[in-house]
Structures are given as structure tokens and as C-alpha cells.
Amino acid sequence: MNQNDFLNELENIDLSKYKGVIKIIVGILIVGFTASTSVFTVDPEEKAVVLRFGKVVGPPVGPGYHFKLPFFIEQEYKVPVQRQLTLQFGFRTQSDQGMQESPLQQSYEDLISESLMVTGDLNVANIEWVTLYTISDPVKYRFRVRNVDQTFRDMNEAVMREVVGDRTINEVLTIGRSEIIDKVLTKLQLLADEYSLGIVVDQVILQDVNPPASVKPAYDSVNEAQQEMDTTIQKAKKEYNDVIPKAEGSAIGTVTTAEGYKIKRVNEAKGAASQFTQVFEEYLKAPEVTRQRIYLETMTTIYQAVDQKIIIDENANGLLPLLNIPAKDK
Amino acid sequence: MKNTSIALASLVLLATILAYSSMYVVSEQEQAFVTRFGKIQGEPKIKPGLYFKLPFTDDVRRFERRTLEWDGRPSESITQDKKTIRIDTYARWQIDDPILFFEKLKDEDFARSRLSAILDGATRTAVSKHALVEVIRSVPREEVLAVDSNQTTMDQEQKLHEFIKGRQKISDEILRESKPKVLEFGIKLLDFRFKRINYSEKVQAAQFTRMIAERDKIAAEFRSKGQGGAAEWLGRKLKELDRINSEATLLEKVIRGEADAEAAQIYAEAYSKSPEAQEFYRFIKTMETYEKVLSEKDMLILSTKSEFFNFLREMNPTPAAPK
């Protein structure tokens, strides 16, 4: 305290000379001190809890200027209720808001043990996630639980493992994701209420869900094999589809050709039959003449057509060996 | 005037100091009690507010009223089925009786180490009495299979393991068991949970190897399935081809047969109307055949004996008798 020095100085100074000035200065000091301890500002994202002699008075107040009783009779504690707070698990892109110690300097080992967890089929999954939350009750947040953020971090890890522990690795890696998110969020909120943390869990986001790093290539190779299986089968199917419709078409073609043949054959037969019948009817009118005529007509055609003709008398024999039969070279 | 004002100032100052040291504030997050020369005075002040004490002689001891964290050190335990796991736990606790707490433990550091001794021990005991799956599973449920899952033939290792008690019940047991033990320190244990349970490094490596082997098996199964599927389609293709082609051939033969049969029937009907028709048909057909068979390249050796030359020979043509 400088009060003694202050008093000494007061003795040394000719008070009557400065009396007025001192009075003014002291007055200003007192007024200033009183004023500065009886006003406080709340930022737009905050709410303030006011404590009178350590005890909460009234509901928390919103943004703006506020009056309070001076000289630390009333004190305000500001809590950022509008700010969405983030906790990251298994990775860090930024230091967690609201955390006292910056977890940025976490080692890889720490991070990996944060995200590795045993699944319900006793396999291991590597799950990285983010939880977003906001402070809903400044009094609870500030005065019921110490270090809410660390508490909430522990809860997150416990709850996520509890949920993942009831699922197979296949569920975790594939279809179970949104269900896991729902479950974790619900459980976290229940637990947060049970612990009186004064927070609302807004969102749980599964960032990266993987098998452990050393197992991942094996998982990838399964995906590859699955794709390979699909393409192999697709290829065979395609070949089937390439060949079969064509074969079906050509089968129809074959049958249709046969049908065409049938039509042709029958028509030809009908035509020939009709022709024959007509000629035959004429023939019946004069059989001998017609027959002779046809015979002779045919012979005419034949004899005209053939170049070489040899006529042998029926009584002549042994002529054949002498005949020079031309080689067929044409 | 000078003396009176100094005396007045001193008086005011003294009064302020006196008032200041005989009042104390217990804040919302605290509880406190007063000690006089080390001896506890009266009841602890659990509610926040302004309180009075004797100046100078009385000390105020303040303690947290809020729920506090306890974070267990990760430690290795062996489960009943002989698996070494690293287990990390946390608990929530409160200073329930500040006087008892002060007398027995003095401060939070001591409290934490006491909690560690009790909870770590209880955890290790509980873990050793249960199989690994008991601290992993918590709620009975049916596994959901992917709709498009090709993994229907996957074996037991991919299935949820059965359990009896489960994680929740075991941690609740530890809580229930430890609660009375810390009560004598003025501590109220609110909750206890398993935070992390992981395989120890050695077990984990073995587990990873198993997972890899498992995956390799599945990959091989997929490849084999792919080849099987392709072979199936190939077979189907060949079968279909054979079916389609043979059916077509069959139909073709049937139709052509029908065609030939029908044509034959038509011919037969026309040509065998009467014996004359038959004979005439044979004659015409013979003539046609001659015409077709013989061409300019052929040589024709004709005997005068032939019917054609009948006239040439006899000059008395008569109609030829039917053959």
C-alpha cells in the first residue's frame, strides 16, 4: 500500500496551497474507480453471469453495457454462449477452443491412441471425429463443473468407444456411420445433462473412419478384389450379351429362310403341277400327236445343241474302238 | 486541523482493514470453512455468499464445490481370456465433506492419488475377472448387414461377439464398489467410466496380422467369386448358343421337310391322277432330262436302231409304244 507514502507527502506539501487541486484529484479518482467497477460490457457472442458476494444474482445478461454494484460487490463472469466450440479426436487442425492447454502439440502416439478403438467383433478401427457444442447454461458451465471441456472430451472418448464396441468393423466402416453419429450424439447429450455441464451437443461428425494404418492396404486390396470380381463378371456378362442376341437373330433368320424355302417349294410345286395338268389335259385331246411333237421338239433341241454327232448303223459293229474320242480339255 | 484530518484518515483506514479481514466471500464454485490457529471453527460454508469471521486469527480454507475430473493413468491389465489391454479410465467426483476432506487428504493432489489407488486397483481386478468382450460390448443388438453385401459367407471373426455383462455394468460395479471407500475421505464419487480400451502393443500387432489375413482371405474369395461368375456366364453363353442354334436347326429341318413333303404331295397328286397322267409325266420328264443333260460339249453316238431314226430306217413311222 502506498497510503503511508501518500500521507507523508501530504505532510510535506503545503496543503493550503494545493488543497483545492488535491480535493479535485481525489474526487476524480474516487468517482473514476467507482464508475469503472460499476459498469461492464458483454460482447455479442457472450452472456455474463453476475455474482453478488460470490452468489449468482438473476439470470445471465446478454450483450451490451450493464451496471453492477461497485467495489467488487458484484462481479461478472462472461461465457461465450454464441460460439460453437469444437473438439477434435484423432487429429488436430486447430487448437480446441475453450481448452486451457493447447493440444496442438500432441504427439502422433497420443492422437492414434485417441482414435484407435476395439469393435464389437474385437477388431480395431481408427475413427477420427469432431464434436461441436455450445454453452447453453452459463451458470452450470461455469459453476457446476470444473473444466467442462476436458470433461466433455473424456465423455466423447468413452461414449464413442461404447457405441463402436457394439458394432462390427464392417458396420463401422460402411453402413453404420450415420447410426453411430446419432447414437453418440444422443448419449453425449444425456450424459452432459447428467453431469450438469450446461452444454448442448450440436453435432458429431465422423471425419475419417478407417481400418488401422497397417491393415488398410489389406482392406484396399479387398475393395480392389471386389471391383475385380465385378468387372470380371461384367465382362463375361457383356460377352454373353454380345453373342446371344446375335445368335437369337440368326436363328430367327435360319427359320425364316426355311419358311421362305417352304413357300417357294410349295409354290413351285403348285406351279409345276398346274402346268402339267394343263398340258396333260391338252395331251388327252390328241395323245399321239402331242407326244410325237414333244419328242421331236426335244430331239431338235438336243441335236442342235450337241456339236459332235456320230450315227452308227445298227448292223455295224466294232466301230467303237476306232473312234477318236477327243479329250475333254475345255 | 492537520492533526484531526490525519487521525480521521487513519481511523477510516483501520476500520477498512478490520472490516476487510473479518469478512469473506464464498463464491458460487467454492465451499469453505474457517480455522482458528489450525483448528476448525463451526460448520463449513457450502452456500455462496458473504460471511464473517474474526479478523487476523481466522483463516479461510477454500475447496471446490464443482464436480471435478479424475483421469486415470493408462495401464496394462490382463483380461480373463489372457489378453493384455491398455485401459484408460475417468471418474467424476466431488468434495462432499470439506472438513473430512481437509483432515484426511488436505488437498486435491492427495485426493487424486487416493482415487487412483482405489480406482486403478478396482479396474484391474474387474478386468481380470472378465473376458475382453465384456468390457467392449455394452448393449445387446443384432448386427446390421449391408444390403448389397457380398460378405454373406464371411466367418465368425466378423460377427459381433456375445457377452453377458458388458462394459456399462462392469464400470458401474467398480463405481459401486469404490464409492463407500472414498466416502471416508469426504469424497463423493459420481461416475466412473472406461475411456479407452486398446490392445497392448504386442496383442495389437497380432490382431492386425489376423485382420490382414482375414482380409486376404476375403480378397481371395472375391477373386474366386469373380472367376466363378465369369465361368458361369461363359457356360450360360455356350448353353444358350447351343440351344438357340439347335432349336433353329431343328425348326429349319422341320420346315424344309414340310416344304418338301407338301411339294411332293402336290406333284404326286398332279401326276398320279390317272395311269395316263403318270405315263405322260414320265415321258415329259425324260424329255426334259435329255435336254438338261446334253450340251454342246458332249458327243452323241447314235445308232440307227434308236427310235428317233425309225423314220430314217423304215420310213414308216409309227407311234412308239410306251416303255
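Modeller: Two residues are in contact if their C-beta atoms, placed from the backbone, lie within 7 Å. Helices (H or I, at least four residues) and strands (E, at least two) are DSSP runs, numbered from the N terminus. The model is predicted: local features need pLDDT of at least 70 and side-chain atom pairs count only at pLDDT 80 or more, while totals for chains, interfaces and linings use all residues. Residues are numbered from 1 along each chain as its sequence is written, and chains are lettered from A and ligands numbered from 1 in the order in which they are written.

Biologist: Which residues of H9(A) meet H7(B)?

Modeller: From H9(A), Arg291(A), Ile294(A), Tyr295(A), Thr298(A), Thr301(A) and Ile302(A) take part; their counterparts in H7(B) are Phe283(B), Ile284(B), Met287(B), Tyr290(B) and Glu291(B).

Biologist: At what angle do helix H9 of chain A and helix H7 of chain B pack?

Modeller: Axes are lines fitted to C-alpha atoms, for helices over the stretch in contact, and angles run from 0 to 180 degrees between N-to-C directions. Here H9 (residues 287–305) of chain A and H7 (residues 275–293) of chain B pack at about 10 degrees, their axes 9 Å apart. H9(A) is therefore roughly parallel to H7(B), a term for angles under 35 degrees.

Biologist: How many residues of chain A are in contact with chain B?

Modeller: In chain A, 99 residues are in contact with 106 residues of chain B. H8(A) supplies the largest share of the side of chain A that touches chain B, 38 residues.

Technical notes: Angles under 35 degrees count as roughly parallel, over 145 as roughly antiparallel, 65 to 115 as roughly perpendicular and the rest as oblique.
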